[in-house]
Amino acid sequence: MAPMNYRTLGRTGLKVSEIGFGAWGIGQKQWVGAKDEDSVAALERAIALGLNFVDTALAYGDGHSEQVVGRVARKHAGKLLVATKIPPKNRLWPARRDIPVKEVFPSDHVVSCTETSLRNLGLETIDLQQFHVWTDEFAGQGDWLSALEKLKQQGKIRFFGISLGEHTPDNGLRLVASGLVDAVQVIYNIFDPSPGEKLFPLCRKLGVGVLARVPLDEGGLTGRVTPATVFPDGDFRNSYFSGDRKRQVFERVQRIAADLGIGLEGMPEAALRFALSHPAVSTVIPGMRSVRNAEANCGIADGRGLPEEQLRKLESHRWERNFYVN
Ligand SMILES: NC(=O)c1ccc[n+]([C@@H]2O[C@H](COP(=O)([O-])OP(=O)(O)OC[C@H]3O[C@@H](n4cnc5c(N)ncnc54)[C@H](OP(=O)(O)O)[C@@H]3O)[C@@H](O)[C@H]2O)c1
């Protein structure tokens with residue numbers, strides 16, 4: 001297995017592993033079925049293979065994901081970079097343009113959520129604190145910026161980022177241009193390469209780090225979601241892959257694999273390498289709840305993206321849709 005490659009997270013200067021650990025699935029609420037001992041084993045194996053970046057959120061299992069991440073992070077003191085997120089105070093995902101930021105991220109909420117996350121993690125500092133929703137209407141409004149500055153001065157957070165809403169990468173351009181944000185997190189995968197058009201060039205120009213999330217389309221791009229797949233009761237994927245969507249995804253993924261000249265089993269690697277192919281991307285953060293997936297994913301972080309010819313073929317597999325709504 002090739003050693004893990006590292007990239008720089010924009011102007012933060014942090015060296016982050018090309019594959020980071022997406023910790024939504026280990027929160028045990030929206031994703032059902034993870035056992036803590038398996039989640040810890042997957043994260044430990046990934047760290048042994050060179051992974052040094054985790055993305056979690058206060059909302060993932062109401063702090064459970066942070067608690068599991070914290071258990072591991074404390075064992076590897078100072079070696080694992082932790083990113084988490086502040087949920088919107090009004091609990092509305094995605095952010096709405098007509099609701100002012102003072103109802104979503106008022107300064108007391110920014111501070112109290114950060115303190116709760118620090119307690120969940122059992123750490124003194126969060127390396128990257130992110131807003132879990134964003135709309136560019138928030139830029140220049142409210143008192144959130146002074147709260148973040150104070151948290152930075154107190155050493156409770158090091159850097160600030162935003163997680164952009166689903167399939168709306170341009171809704172962060174104004175904030176990125178303002179120079180106030182250190183990193184952005186955005187959906188970037190074979191089906192939705194749209195951040196490559198405006199957001200990524202701007203991030204590169206201004207030295208803003210990029211976390212490429214949902215690189216496997218919530219599992220769809222792995223080739224393992226078939227029309228016969230059954231998700232556990234209460235699992236978010238029952239809604240994401242509702243109705244006829246499993247069949248639609250599976251047929252598309254079979255066509256992608258055929259076009260690339262690979263078997264379906266090569267799809268997780270192809271999908272991750274696709275996301276790593278863009279030079280603006282600092283780290284790609286697949287969800288992985290087993291040692292098997294941690295080994296497979298960390299094993300491909302050798303600095304190589306996909307060849308130009310394959311990237312060109314993938315352009316025709318772009319798919320505009322939003323499975324996060326029914
Ligand atoms: N609004 C936001 O800010 C937001 C929203 C969504 C996600 N995120 C972040 O992005 C991360 C990644 O997204 P995600 O976890 O939702 O979806 P994802 O990474 O696109 O897909 C995760 C799925 O892929 C499977 N998988 C991973 N590696 C595999 C491999 N090598 N072979 C076969 N299957 C594999 C996982 O299997 P298992 O089920 O077996 O683990 C899981 O079912 C999240 O964990 C979270 O940190 C942020």
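Phe138 sits in the loop that runs between strand 6 (126-131) and helix 4 (144-153). This is a predicted model, in which local features need pLDDT of at least 70, side-chain atom pairs count only at pLDDT 80 or more, and totals for chains, interfaces and linings use all residues. Residues are numbered from 1 along each chain as its sequence is written.

Student: Why is Phe138 called buried?
Tutor: Phe138 has 25 C-beta neighbours inside 10 Å. A residue is buried if 20 or more other C-beta atoms lie within 10 Å of its own, exposed if 12 or fewer, and partly exposed in between. Therefore Phe138 counts as buried.

Student: What is the angle at which helix 1 and helix 2 pack?
Tutor: Helix 1 (residues 36-48) and helix 2 (residues 64-75) pack at about 45°, and their axes are 10 Å apart.

Student: Why is helix 1 called oblique to helix 2?
Tutor: Angles under 35 degrees count as roughly parallel, over 145 as roughly antiparallel, 65 to 115 as roughly perpendicular and the rest as oblique. The angle here is about 45°, so helix 1 is oblique to helix 2.

Student: Which residues make the contact?
Tutor: Asp36, Ser39, Val40, Leu43 and Glu44 of helix 1 meet Val68, Arg71 and Val72 of helix 2, where contact requires C-beta atoms, placed from the backbone, within 7 Å. By class, this contact has four nonpolar, one polar and three charged residues.

Student: How do the residues of the shell around the ligand divide?
Tutor: They divide into ten nonpolar, eleven polar and six charged. Helix 10 (residues 291-298) gives the largest share, three residues.

Terms used. Helices (H or I, at least four residues) and strands (E, at least two) are DSSP runs, numbered from the N terminus. Ala, Val, Leu, Ile, Met, Phe, Trp, Tyr, Cys and Pro count as nonpolar, Asp, Glu, Lys and Arg as charged, and the others, Gly among them, as polar. Axes are lines fitted to C-alpha atoms, for helices over the stretch in contact, and angles run from 0 to 180 degrees between N-to-C directions. Two residues are in contact if their C-beta atoms, placed from the backbone, lie within 7 Å.
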